[in-house]
Amino acid sequence: MDISFMEILKSVFTLSLGYATVRICISIVFASIGEMITERSGVLNMGVEGIMLMGAFTAAVVTHFTGNPWIGLLSAGLVGMLIGVIFAFMAITVKSDQAISGLAIYLLGVGLSGFLLQIFFKHGGNTPRVETLPIMHFKVLENIPIINEIFNDQSILMVPALLLPIILYIIIYKTPWGTWLRAAGENPKSLAVVGKDPIIIRYVAVIMGAFLAGIGGAYLSISQTSLFSEKMVNGRGFIALSAVIFGNVKPGGVFAAAMFFSFMDALQYSLQTVIPDQYFPREVFMVLPYIITLLILAGFLKQSKGPADITNPYEKESR
Amino acid sequence: MEKLRKFIIKRGEILTTVLAVIFAFMVIAVLLLSTGRNPVEAFGYFIRGAFGDMFNFANTISRVVPLLIAAVAFIIGAKASVFNIGIEGQLLLGALTSAVVGWAFDLPKAIHLPLTLLTGALAGGLYALIPAWLKIYRKVNEILSTIMLNYPAFFFCHYIVLNVTPLEGVIPATPFVKESAKFINLVPGTRLHAGVIVAIFVVIVAYILLQKTTLGYEMRAVGLNQEAARFHGIPVEKRMMLAFFLSGCLAGLAGAVEMAGVHYRYLDQFSPGYGYDSITVAMVGLLNPFGAIFSAILFGALKTGILDMAVYTEIPRQLVTLINGIVVLLISMKGILQEKLNQLTKGKESVSQKEEVA
């Protein structure tokens, strides 16, 4: 290798690395914040990947046929909610094993999006190019050096993605609904005592989470790129699950974890351009989120404490 | 009526599973109809593609082999309440390891082929010890950990193929293995190879282990009721660890057999999701090794039949994953279905019985 270490550092740690991090994180933030809401209510939805796939697929197809990416975005959210209802019915009402139901949702998402893709667009593994959501250019940011390069000219979905953790912080810790949500995950019986039905709270939380996962998927196909291709979510749903664990099921923490994983991904892309492929194990960066998550779960990095009642179906006292 | 009642009570599990599969196919039929395709015609092509002639049939059976071994892998775990969703990753590692052993050594066939298969199995088994340890000593849900461990396995194999082993040509793969590490082909021109014998052997051994040995009895006891098993002096942790290890070994073996019988090298991304399919196969096979033979043939047929179907009726091959999803979804709801069925047939006595148990 004839490139010096300092040169590598200089050409890798640029402002465009920051731009790429934000660009990558948007879909993961939507999905992981959504999953955080779900887990707070005491339900673990491992099907995020499948919901994101269906969201990405729906957004691209609807945009293709209507020409309007906003209708595409909305439809993706609705499809997410619909899958959320199915999952909630299985996990909460039928009380089937949440992990297996999540697996089913994952397989369903992979299969259905791939199947319908071929039905609608016979050839190749992707849709035609579609309209994308607008890119936001803020005039006021132009004069602020670093901020301008990182946050300007990003997708319009960046704004809600950056606001989500703050909004969720307020909802979870400052509103009565947030208290009920936390109670549903910690001690659903206490919730029942004050006359609130944990089942309804859990349903709402699962559907909200699935809605956000659908939006996170839509971002991939109608904003970050301009088409849907088979399996394009490529593990981001599981990264989102990891971010929830890494972020301790708290809005700020989950957001920071999503940013960290996105940064690693951006760094990996950036390093690839300067270091010849045979010297650079990019795979190390790609497995990092999973390894970190497993280390946390194993209790090596820090004690992660999720909601106490997670994955336990709620049983009414009197039958 | 009385006979029907008895039948439902006795065979309720089989009945609900068959219902789930039929329902999945009905959903598919409706999907096909709504997109203007004829499901009956599609089914005809599917049957012809899977069983139509000797060649198609042989190809179907060649698909059954990895599915069946991997399904038994899932069953061995599930019997001890260990849900190994990491079969896909263990299968990849098994295939890679066996491909390297098959290529790097030059030994007589009687030693080389078994060694190739054994090292592949061992690789899968050792990798499965990670989630086993996490589950038993750190209380980490194994479904979560095994799903996550599939990704490192995939990226590891990808890295080895691209950067460590020499590349021959443009396809990312390890070099071909020596002749002594290959299964003989049974029907020339098809993919059917002698690995089918290994699959049958695995089914029989798994059945004997689970049903006829003390070890198997103890593993099943752990799966049924951990506390009771512990009370009776069964070392619960050890049995779970063993179940996980054996499950991983069989997953690795499934990959090794597919490598030594079909591809003769580790082909990057060779697995069309055998690991995930095997879960469905095992569930539809009612977690019984012999039951898995039937469901593996069903899903193996789906995999080959779909190819003909895709050509003639433009029905995409992704249908298989979709069917998998629907079947897993329905089977995970089987509990409530069976409860309803029992209530219908048994009437009130089942309710009172339940209360007694509780």
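Predicted model: local features only at pLDDT ≥ 70, side-chain atom pairs only at ≥ 80, totals over all residues.
Which helix of chain B holds the place of B:Ile306? B:Ile306 sits in helix H12 of chain B, the run of residues 289-313.

B:Ile306 counts as buried, because 22 C-beta neighbours lie inside 10 Å of it, and a residue needs 20 or more to be called buried. Setting aside neighbours within four places in sequence, B:Ile306 is in contact with B:Phe46, B:Arg317, B:Leu319 and B:Val320. Separation along the chain can also go with separation in space: B:Pro235 is 71 residues from B:Ile306 in sequence, and the two C-alpha atoms are 46 Å apart.

Chain B is built with 15 helices and zero strands. Its C-alpha trace spans about 70 × 60 × 30 Å along the principal axes. The radius of gyration of chain B is 21 Å, which agrees with the value near 21 Å for a compact globule of 358 residues. Of those 358 residues, 51% count as buried.

Domain 1 of chain B is made of residues 1-37 and 317-353, while domain 2 covers 63-314. The C-alpha centres of the two domains lie 28 Å apart. Where they meet, 14 residues of domain 1 of chain B are in contact with 14 residues of domain 2 of chain B. On the domain 1 side, the elements giving two or more residues are helix H1 (2-34) and helix H13 (319-332) of chain B. H13(B) supplies the largest share of that side, with eight residues. Sorted by class, the domain 1 side has eight nonpolar, three polar and three charged residues.

Now turn to chain A. Chain A has 13 helices and two strands. The radius of gyration of chain A is 20 Å, close to the 20 Å that the globule rule gives for 319 residues, so chain A is as compact as a globular protein of that length. The C-alpha trace of chain A spans about 75 × 50 × 45 Å along its principal axes. Among contacts in chain A between residues at least 6 apart in sequence, 78% join residues at least 24 apart.

Helix H10 of chain A, residues 198-224, has 27 residues and reaches 37 Å from its first C-alpha to its last, close to the expected 39 Å. H10(A) has a kink of about 30°, centred on A:Ala218. Is H10(A) largely enclosed or largely open? It is largely enclosed by the rest of the structure, because 23 of its 27 residues are buried.

Helix H7 of chain A, residues 158-174, has 17 residues and reaches 24 Å, close to the 24 Å expected. H7(A) bends by about 40° at A:Leu164, and a proline, A:Pro165, follows within four residues. A:Leu164 and A:Pro165 are among the buried residues of H7(A), which also include A:Met158, A:Ala161 and A:Leu168. The buried residues of H7(A) pack against helix H2 (15-40), strand E1 (135-136), strand E2 (154-155) and helix H12 (251-274) of chain A.

A:Gly306 lies in the segment after H13 of chain A. A:Gly306 is partly exposed, with 17 other C-beta atoms within 10 Å. Not counting residues up to four places away in sequence, A:Gly306 touches A:Glu39 and A:Val249. A:Gly306 and A:Ala183 are 123 residues apart in sequence, with their C-alpha atoms 13 Å apart in space.

How many residues of chain A are in contact with chain B? There are 34 residues of chain A in contact with 34 residues of chain B. On the chain A side, helix H5 (98-120) and helix H13 (282-297) are the elements that give two or more residues. H5(A) provides the largest share of that side, 14 residues. By class, the chain A side has 22 nonpolar, nine polar and three charged residues.

Conventions:
Residues numbered from 1 in each chain as written. Chains lettered and ligands numbered in written order. Contact = placed C-beta atoms within 7 Å. Nonpolar A, V, L, I, M, F, W, Y, C, P; charged D, E, K, R; others polar. Expected span 1.5 Å × (residues − 1). Bend = angle between axes of the 7 residues up to and from the residue. Buried ≥ 20, exposed ≤ 12 C-beta atoms within 10 Å, placed from the backbone. Rg over C-alpha atoms; globule rule 2.2 N^0.38 Å. Domains from an automatic or database assignment.
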